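Me: Please take a close look at a single part of this structure, the open sheet, and then place its surroundings in context.

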Amino acid sequence: MQDAGSSGHAELLARQAIRALAAPCDAQMQHGYGAMRAAAAQFLGELLLQQHGESVWDAHLRQQPLPSEDRSLLLEAEQLFRQALSLTLTRRATLGLVQALFQLALFDDFGARMSEVQSLLREDLSKMEALDVDIFASQCNLAFCFQLQGYDQEARAIYDQVLPGYCRWADNESKVSPAMPLSLGASTIGAACAAHNSACLDGNLSKLRWALQATRPDRRVSTCIATRLLQHLTIAGAEDEAQQLMEEFQLKKEEVSSIEDNFLALWPQRPSSRSKWRRPTTNPRRSVCAELYLRPKIDLLTAKNRAEPIIAEVRQEGDAALAKLAKRFDGAELSKDDLIIEVASAPWPKVEPKVAESLDAAYENVRRFHAAQKKPPLRVETMPGVECRRIAVPIEAVGLYVPGGTAVLPSTAYMLATPAKLAGCKEIVLATPPRADGSICPEVIYAAKRAGATKILKAGGAQAIAAMAFGTKSCPKVHKITGPGNQYVTAAKMMLQANDEAAVSIDMPAGPSEQLCIFDATSDPAFVVADLLSQAEHGPDSQVVGVFVNPSGDAHGYMGRLREEFEQQTSKLSRREITKQALSKSFVIVVKSLDAAMSFSNGYGPEHLVVQAANPEAYLEKVVNAGSVFMGAYAPESCGDYASGTNHCLPTSGYARQFGGVSTDTYIKYVTVQKLTAAGLKRVGPHVEVIADVEELEAHRNAVTIRLAKIGRELSWLDKLGALCRFC
Ligand SMILES: NC(=O)c1ccc[n+]([C@@H]2O[C@H](COP(=O)([O-])OP(=O)(O)OC[C@H]3O[C@@H](n4cnc5c(N)ncnc54)[C@H](O)[C@@H]3O)[C@@H](O)[C@H]2O)c1
Ligand SMILES: N[C@H](CO)Cc1c[nH]c[nH+]1
């Protein structure tokens, strides 16, 4: 290590050398000069990295602003290594360039820089057998950079490939180095850190046990690893080993219960992996919480690319396109004249009496709750003679989407149609994918008829949304489209909302279902798991989140019992494969308090918030962002999905921060009205004139002035008296 003075001098000399060696020389000297210039560039690059890389890395890990003055010097280092490589290709220059790119990726162009790092290192991967410790270290650094930016899948792939070799190398090092028992070798520290970081992704206990063993001689390093191991042992319910560890390292259990550094995979992989490169924001550091708020990625861009030609086809060919697309996507042969069911004239479909009875009961509860949401007209006299009103006017024609890809959802039919009918919409078109024989599920028709839909369009996906947005010969054009659906439905809703010609609005982006369940040691693990599974079974993209409030840290084995419940209940579900996929994208966190639980929940903004912890009312007081809340042990979310009365079409993906669920208001627009008497105009008019002057909008001012000129500006004594009486 050089001190500041000597490194400054070395830097100066290296710069001079590079300049001198760049001077023209005869052909004979060129080769030698080139090699020397490469060495000087390499030397200067390493010096700059040493001086500026550490502070950048440090700031990144501490989540502080990155020192921008270091960026330009790191860019210079990058150029120096490139120069060195262009002159003579060496392993050291490659690794120097890799290091510079790592550091610069923290500032910007993360994707491009990491791609280059990967390709630079790829060539060396094949030589792994040579046990080159620099390559192991660089690979694990690369993985860690991915991990920090949330690319877990990429990080995991690299760790899987490199870590076993790195650990073997470290084991070897400890055997050959007699100094090892006192001070750790560089590769032991490197491999232990990598094992620790990799275990954060997969909760692998044996990696952590290895890291602990390898770093035992250094108490500081091994305590860090022991803390992480303790977290995982607690979750796994391995109490004896946890106890031993706590005694040996004098750790307390509550140290494992902080949100910031304690999330655990529920199923073997945690899913935040984004398959596409994502540019970091200007501040690329994100807290663990912020990362956990991200939902499983839906590739909306691909969905939009698929939806676009479908929308265009429906726009151009109308019903003919709908028939073609029903064949392509739903396997249904439909003629152009068979796309619409007129609900009023359609006979009641045959459904089992027991089913009809339950659908009727559920509908009645939904109707009652939504009827009570209607607001009386509003009338306010803001000043004597100035009356403002607000009247509710139903949206004339609305389109409802009822999904039908992987499950038939008659419940969604009455959840959407009931408030539309109550609002007074005249045309209520309900679109849903046809079955392969061209028919619509009788329970959906039953629910649509009961709730008051006017037409059923036999179409699903983007084509259904396009047909309702533009209208076709058989499908009326609507002004607003509501309802959930898969990524093609959501993409089409979002695209058509922005299409001037369609001039249609939507309720909200409602994607894959999700649930956040808060529980504590008093909650029945079977209830907690049953609720979480009820949403996980919706689809592979669904996500469920458990928040375990564990203030005392003495809920021995609770998480172990939870895990057992998950395994038992999941294995019995008919949709267990779908459910497991959703669980692989789900997680449980452990927090110390109600406040911490609610702060996490509000940050996540779940579609459904289930509170099974003791005293749910105390949690409700702190709700800021949630679609619908379910309180206590006896309020399973499925009651809200079907029959209690609340609506199940709710905002997902964090949109609960700005949207509420579907309600009677969804189908209403509020029109404001005003009426002014001459006295009212005399009161408010002068203010209008002044503000119009400020805005230099003369015609606005004139509209008042011209009237006041006719009726006079002064209020009569009768007007003044009348106003007084009104306010007495
Ligand atoms: N948030 C809520 O309130 C709520 C309620 C119920 C369901 N959901 C969600 O709704 C979704 C329902 O999805 P689903 O797929 O079962 O039914 P869906 O009806 O939304 O989609 C089926 C249609 O998608 C189209 N499609 C399928 N593959 C396609 C492809 N490759 N290219 C173009 N189009 C294609 C077809 O037209 C098909 O008819 C689930 O994600 C579920 O979680 C949400
Ligand atoms: N849970 C869904 C809303 O996210 C609604 C639903 C329909 N059927 C069953 N559940």
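Reply: In this predicted model, three strands form an open sheet in the order β3-β4-β15, with antiparallel pairing. Strands are DSSP runs of E with at least two residues, helices are runs of H or I with at least four, and both are numbered from the N terminus; two strands pair if DSSP finds at least two bridges between them. Because β3 (378–383) and β15 (668–676) stand at the edges with a single partner strand each, one side of each has no neighbour in the sheet. From one strand to the next, the twist averages 25°. β4 (residues 386–394) pairs with β15 in the antiparallel sense over nine bridges, and A392 stands opposite Y670 in β15.

Residues are numbered from 1 along each chain as its sequence is written, and ligands likewise from 1 in the order in which they are written, with chains lettered from A. Local features need pLDDT of at least 70, side-chain atom pairs count only at pLDDT 80 or more, and totals for chains, interfaces and linings use all residues.

Turning to the ligand, L409, S411, T412, S513, E607, D641 and H648 are the residues around ligand 2, where the C-beta atom, placed from the backbone, must lie within 6 Å. Domain 3 (300–342 + 392–495) and domain 4 (514–660) both contribute to this shell, so ligand 2 lies between them; the domain bounds come from an automatic or database domain assignment.

Key. Axes fitted to C-alpha atoms, helices over the stretch in contact; angles between N-to-C directions.
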